[in-house]
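Here is a guided walk through one structure, taken a piece at a time. Keep the viewer open and follow along as we go.

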Amino acid sequence: MALRVLLGIATSGIYPGLTYLISSWYVRREQGMRFAFLQVGEVVVLATGGIVNFAINKSLDGRGGVAGWRYIYIVQGSITIFLGVLTYFWIPQFPEWAHETKRFLTTQEIEMVLARIDKDRGDAGKPEPFTLRAVMVPFSDLKLYVFAVLFFLQNLVSTALSYFLPIVLQGGMGFGTNKAILLSAPPYYYAALPVLLSSLVGDWYGIRGPIIVFNAVCLVVGFCMLGFADQVTVRYIGTFLATGAYVSNWAALSVYQANNIRGQWKRATVAASVSAFNGLGGIAGSYIVRSTEAPKYLTAIWISIGSHLVMIAVVTRTGGLIEVKEKSV
C-alpha cells in the first residue's frame, strides 16, 4: 500500500502537466484534436496492456518461483522507466523556453508560436512570477469549481467502468476469466474513433459544450443497454457506447477547461485543482460496482446515469453551449 501511494504521487502530475503543456503550445481552436490524440494513445495502451498482461501472466506465472502478477510489474515497470528516461530528452520545453530544446524550432518559429498564443488569449511570453496571491485568486472564480465538479463526475464513471469491466463481463455476462480479460480490450480500441471524430467537430465549429452533452447522452444510452437489457450481445455493445463516450469526454472536458482559463498561474492552479477532484471521483467510482449485485450491477448503472445527467445540467446551465471568443474568459 505504501508503494501504491508513492506510485500515485509520482503519476499524479502527468495528466495535468500534459494538459498545461498542450494548452501552452496551441491556440484554443487547435487543442481539441491534440487532447484527442492524447486520449487515443492512452486507451490504445490501456487496451493493449490488458492483452499483454494476460500473455505475461499466462506464460511466465511460476517461472523461477515468481508469480505472474509480479512479472507484470517487472515488465511493464521496465518499459515505463525506459520511456520515462527517453521522454525527459524528447518532450520540448514550453514555447518561451523552446530554444533550450536542441534541433526543435528556430528563434523565428518560436516567436511565431508565441505571437499566435498571445493573439488568441494574451498570456504567452515570459513566465509570471510566483506569488501566493497568483495561486489563491483562481479559487474565487466559479469556473474552477464547475470544472472540478465535471471532472469528479467524469472519473466517477470512467474508474468504475475501466477497472471493473472484466468483472462485469465475467460476473454479469457469464464469460470465463480469460475471455473477460480479452473482451475488455475491444471497447477501448473502438473508443479511438468517437474521440477523434467528436474532437474534430469541436475544433472545426469552435464549440465544446455541445460535444460534452452529446458524449454524456451516448454514455447514458450505453449504460441503459448495459444495465437494463437481457441479451448479452446488447449489453456488450452498451460497453462500447459507454466506453467511447467517456473517453471522448476526457478530451472534451480537458479542452473545455483549457479554452476557458487564461493566465499562466491560473491555468496551473485550475489544472491541479481539477486533478484533485478527478482523483476523488476515482475513489468514489471504485465503490459503486458491487459484486453482490451481479449480473446487473444496478447501483453502478444508476449512479453512472445520474452523474452524467448532472453533467449535462452543469454544462448547459453554465452557458457551455457556446465556445469562448478570442481573449474572453
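Is Y297 buried or exposed? Y297 counts as buried, because its relative accessibility is 4%, and the cut-off for that word is under 20%. Please keep in mind that this is a predicted model. Y297 sits in the loop between helix 12 and helix 13, and its phi is positive, about 55°, although it is not a glycine. That loop also holds P295, which is joined to A294 by a cis peptide bond with omega of about 10°.

R103 is not a glycine, yet it has a positive phi of about 55°. You will find R103 in the loop between helix 4 (68-90) and helix 5. With 85% relative accessibility, R103 counts as exposed.

From there, move on to helix 5 itself, which covers residues 107-121. Its 15 residues reach 21 Å from the first C-alpha to the last, close to the 21 Å expected at 1.5 Å a residue. Five names make up its buried set: I110, V113, I117, D120 and R121. Looking down the axis of helix 5, you see these buried residues fall within an arc of 95°, so they line one face of the helix. The general rule behind such patterns is that an α-helix has 3.6 residues a turn, so residues three or four places apart point the same way. On the face turned away from the buried side, helix 5 carries the exposed residues T107, Q108, E111 and K119. The cover over the buried residues includes helix 2 (14-25), helix 3 (31-60) and helix 12 (264-285). After helix 5 comes G122, with a positive phi near 70°.

S24 gives a closer look at this packing. S24 belongs to helix 2 and is buried, with a relative accessible area of 8%. Leaving aside residues up to four places away in sequence, S24 touches F94, P95, I117, R121 and R267. For a sense of scale, S24 and S198 are 174 residues apart in sequence and 22 Å apart in space, C-alpha to C-alpha.

Now for the charges. Side chains of opposite charge can pair when their charged atoms come close. The structure holds six salt bridges, and one of them joins the side chains of E30 and R116 at 2.4 Å, N to O. E30 lies in the loop between helix 2 and helix 3 while R116 is in helix 5, so the pair ties together parts that are 86 residues apart in sequence. E30 counts as partly exposed at 22% relative accessibility, and R116 counts as partly exposed at 33%.

Another salt bridge links K143 and D141 at 3.1 Å, N to O. Here K143 is partly exposed, with a relative accessible area of 21%, whereas D141 counts as buried at 17%. D141, K143 and K266 are linked in a network of salt bridges. R208 and D203 also form a salt bridge, with the closest N and O atoms 2.9 Å apart, and both R208 and D203 are buried.

Key
Residues numbered from 1 in each chain as written. Predicted model: local features only at pLDDT ≥ 70, side-chain atom pairs only at ≥ 80, totals over all residues. Heavy atoms only, no water. Helix = DSSP H or I, 4+ residues; strand = E, 2+ residues; numbered from the N terminus. Expected span 1.5 Å × (residues − 1). Buried < 20%, exposed > 50% of the residue type's maximum accessible area, 1.4 Å probe, protein only. Arc of directions from axis to C-beta. Contact = heavy atoms within 4.5 Å. Salt bridge = Lys/Arg side-chain N within 4 Å of Asp/Glu carboxyl O.
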